[in-house]
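I opened the notebook today to look up the salt bridges, starting from the sequence and the structure shown here.

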Amino acid sequence: MIRRLLVANRGEIARRVFATCRALGVETVAVHSDADADAPFVDEADHAVRLPGNTPAETYLRIDLILDAARRTGADAVHPGYGFLAENAGFAAAVTEAGLTWVGPPAEVIAAMGDKIAAKALLAEAGVPMLPTWTDAAEITGFPVLVKASAGGGGRGMRIVRDAAGLAEAVASARREAAGAFGDGTVFVERYVERGRHVEVQIFGDTHGTVAALGVRDCSIQRRHQKIVEEAPGVLPEGVRAALHEAAVAAGRAVDYVGAGTVEFLLAPDGEIYFLEMNTRLQVEHPVTELTTGLDLVRLQLLVAEGGSLPVAATPPAQGHAIEVRLCAEEPAQGYLPATGTLHRFAVPGVAAEFGPLAGPGLRLDSGVVDGSTVGVHYDSMLAKVIAWAPARVEAARALAGALARAELHGVATNRDLLVRVLRSPEFAAVDLDTGFLDGHPEVVTPLLPDDQLPLVALAAALASAAARRASATVLAGLPSGWRNVPAFPQVTRFTGPDGEIEVRYRLDRSGGLAEWSVSPGAGADGPTPAGAVPAARPSPVVSLAGAAPDRVVLDVDGVRRAYRVHRAGSDVFVDGPDGAAALAELPRFPEPTAELAAGSLVAPLPGAVTRVHVGVGQRVAAGDLLLTLEAMKLEHPVLAPAAGVVAELPVAAGGQVDTGAVLAVVNPE
C-alpha cells in the first residue's frame with residue numbers, strides 16, 4: 001500500500017493528484033522550484049522540498065534531485081504527472097531501482113512508446129492503422145506533411161510543411177524545440193491530413209492482463225498543435241467509435257500496457273482512422289473522461305500501481321457530456337504569444353467542485369493558480385482547466401461559455417474570449433470540427449467586448465475611480481463623488497486601453513447624477529481634446545448614472561440598466577461588463593517624461609532567450625522576413641520585420657536573455 005506519494009510535477013496536476021490522495025488518506029510530497037515556492041500546490045502538500053533554480057532543466061527535470069527529495073521525506077511512491085519526466089523511461093527505471101513504487105507503466109513500455117518512430121512500426125504489426133511516415137526527407141513522396149518530435153508531444157517540435165522549400169527550416173526549428181522540451185531533438189515526418197479530427201481513446205491496463213478502453217475524446221480544436229478544447233464522448237458514428245476502441249485496446253495489448261494511457265488517432269474526412277501516438281501517462285484532458293464515466297482516474301492509477309485489479313474490464317457507457325477548455329495566459333490576436341505578470345484576481349463563477357466529481361450538472365475547476373499568483377516565463381502558459389458536465393452537449397457548451405464570459409481574470413492576458421467564441425459558434429454546435437478550426441475561423445480571436453462598448457467601460461472605470469477617492473477622503477467626505485464648486489468644467493480621467501490612450505470627460509450635477517460625458521482618443525496628460533472628438537455634450541447613447549461605488553458602477557443606457565464590476569490594482573483598472581471585459585491603466589495627471597524608442601524598434605513582448613539571429617546589421621529585409629527567434633514558455637516565437645527596410649541595429653545575440661521591452665532590433669523602413 002502506498003503511504004506517502006511524491007508528485008514529480010507542479011501546478012494544476014500536482015493539486016489534482018493531491019486531491020485524490022487526501023480522499024484516500026495518502027500523505028503527499030511536493031517538489032518545487034524557486035519560482036514556485038509560493039504556489040498553491042506547495043501549500044497543499046504535507047511535505048515540500050525545494051529544487052534550487054527556476055528553469056525545468058535545473059529543477060523538474062533533475063532525476064537525482066527528485067529521488068533525493070523522496071529519500072529525505074520518506075516517500076514510498078512517485079507520480080510523474082504529465083510533461084517534464086512523465087514519459088521518461090530513465091526516470092521510471094530510476095524510481096523502481098530506488099525501491100519506490102512507480103505510478104505509471106513500466107519503463108520498457110514508456111521507452112517503446114516514447115520513440116514515436118519505433119512505436120509506429122511496432123503497432124503497425126499489431127494491425128493498428130498508420131499514416132505514411134518518413135525519417136529521410138529525400139523519401140517524402142508528397143506534401144503537405146507534418147514534422148513531429150519523436151520523443152514527446154503536446155504540440156512541441158511540430159510543424160506543418162506545405163512544400164519542399166520550407167522543409168529544411170521546419171525540421172531544424174522542430175529539432176531545436178524538441179531538444180529544449182524533451183532533451184531529444186529526433187524528429188520524423190508523416191502525411192498531413194487536411195480537415196482531420198483529433199480523437200483519442202483513454203485506455204487503462206492492470207498487472208492482471210486487463211486492458212480496457214474508457215471512451216473516446218474529441219480534441220480537434222487546437223492552437224499551435226496544442227489542444228485547447230476537449231470533450232467526451234466524442235460525437236462520432238458508432239462504427240467509428242467501435243473501431244477506435246478496438247485499435248486502442250490492440251495497441252495496449254501489444255505492449256502489455258499497465259496504468260493510464262491515451263492512444264491518439266486522426267479521423268480523416270472519409271471516416272478512416274490513423275494512429276498518431278500513445279501517451280504513456282495521464283492526459284491533461286482526463287477530467288472529461290472522469291465526469292462521463294464516474295471514475296477517478298488518479299485513484300485507478302494508484303490502485304493499479306499497488307497491484308490491484310481494474311474495477312472495469314470493458315468500455316463503460318457514457319453518462320451525459322463533458323467539455324473542457326484550457327485557460328491559458330496568452331494573446332490569441334498576437335499569434336498566441338504567451339503572457340506574463342501577476343494574476344490580481346482569478347474567479348470563475350458557478351464552480352461546484354475542484355479536482356473532483358460533480359453531483360449533477362455544473363462546473364469543475366482544476367486550477368494551478370489563485371489570486372496573487374505570478375505567471376512567469378519558465379513553464380507552460382496554462383493557468384487552469386474549466387470543465388462543464390450536463391446531460392446534453394448543448395447544455396454543457398452553454399454553461400461553460402457563460403461561466404467563462406462572467407469570469408474575472410485580472411492582471412494577465414488570457415484566451416478566455418476566444419474560448420467563449422468557439423463554444424458559442426454554430427460550427428461547434430454542429431460538430432463541424434477539425435484541427436484547422438482556428439485557422440479557418442479567424443473571427444474567434446476578436447475580443448468579446450465590441451468596440452462601441454469601450455466608451456461605456458471607460459466611463460465606468462472613471463466613475464469607480466472617483467468613487468474610490470471619495471471613499472478614502474478625509475476632508476469633506478460627504479460631498480458627492482466628482483462634485484465641483486464650478487460645475488462648468490468637467491472631470492477628466494485618462495487611461496491606456498486596448499487600442500491606445502482614452503480620455504474620459506464627465507460632469508456630475510449637484511445631486512451626483514451624470515450631467516454630461518464623452519469619451520475620445522486621448523491627447524496626452526494636459527493637451528487639448530483632439531479635433532473631431534465627440535464634444536462634451538450628450539452623445540448617443542443616452543446615459544444616466546444609477547449608482548457608483550469603488551467596485552461597481554450601474555449605468556442606465558438608453559433605458560437599459562447595465563452593471564459593471566470594477567477592480568483596481570495600483571493604476572490598473574479591470575472592468576467586467578455585460579458585453580465583455582477590458583483592462584485599462586489610469587494615467588497620472590502629470591506624467592514623468594520617458595525616453596522615446598528609435599523609429600523602427602522591435603521590442604521583446606516578454607522575457608525569454610534569443611535562440612537564433614537570422615540577419616545582420618545593414619541587411620535589407622522585406623516585410624514578414626524572419627529576423628530572430630525568441631524562446632519563452634517552452635515554445636519558439638519568431639520576430640518578423642514589420643515592413644521592408646534595412647536592419648540598422650541588432651543589440652542582441654544568440655544565447656542572450658532579454659526582458660520585456662528590451663530592443664531586439666531596429667529596422668529603418670524604406
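Entry 1. I worked on a predicted model, in which local features need pLDDT of at least 70 and side-chain atom pairs count only at pLDDT 80 or more, while totals for chains, interfaces and linings use all residues. Residues are numbered from 1 along each chain as its sequence is written, and side-chain values use heavy atoms, with hydrogens and water left out.

Entry 2. Taking a salt bridge as a side-chain nitrogen of Lys or Arg within 4 Å of a carboxyl oxygen of Asp or Glu, I noted a count of 41 salt bridges.

Entry 3. I looked up Arg10, which pairs with Asp36 at 2.6 Å between the closest N and O atoms. Asp36 is buried at 5% relative accessibility, where buried means under 20% relative accessible area, exposed over 50%, and partly exposed in between (1.4 Å probe, protein chains only).

Entry 4. I then found Arg15 and Glu44 joined by a salt bridge of 2.6 Å, N to O. Arg15 is buried at 7%, whereas Glu44 is partly exposed at 26%.

Entry 5. Finally, I recorded Arg217 with Glu200, at 2.8 Å between the closest N and O atoms. Arg217 is buried at 0%, and Glu200 is buried at 0%. Both belong to a network of salt bridges that also links Lys227, Glu230, Glu264, Glu285 and Arg326.
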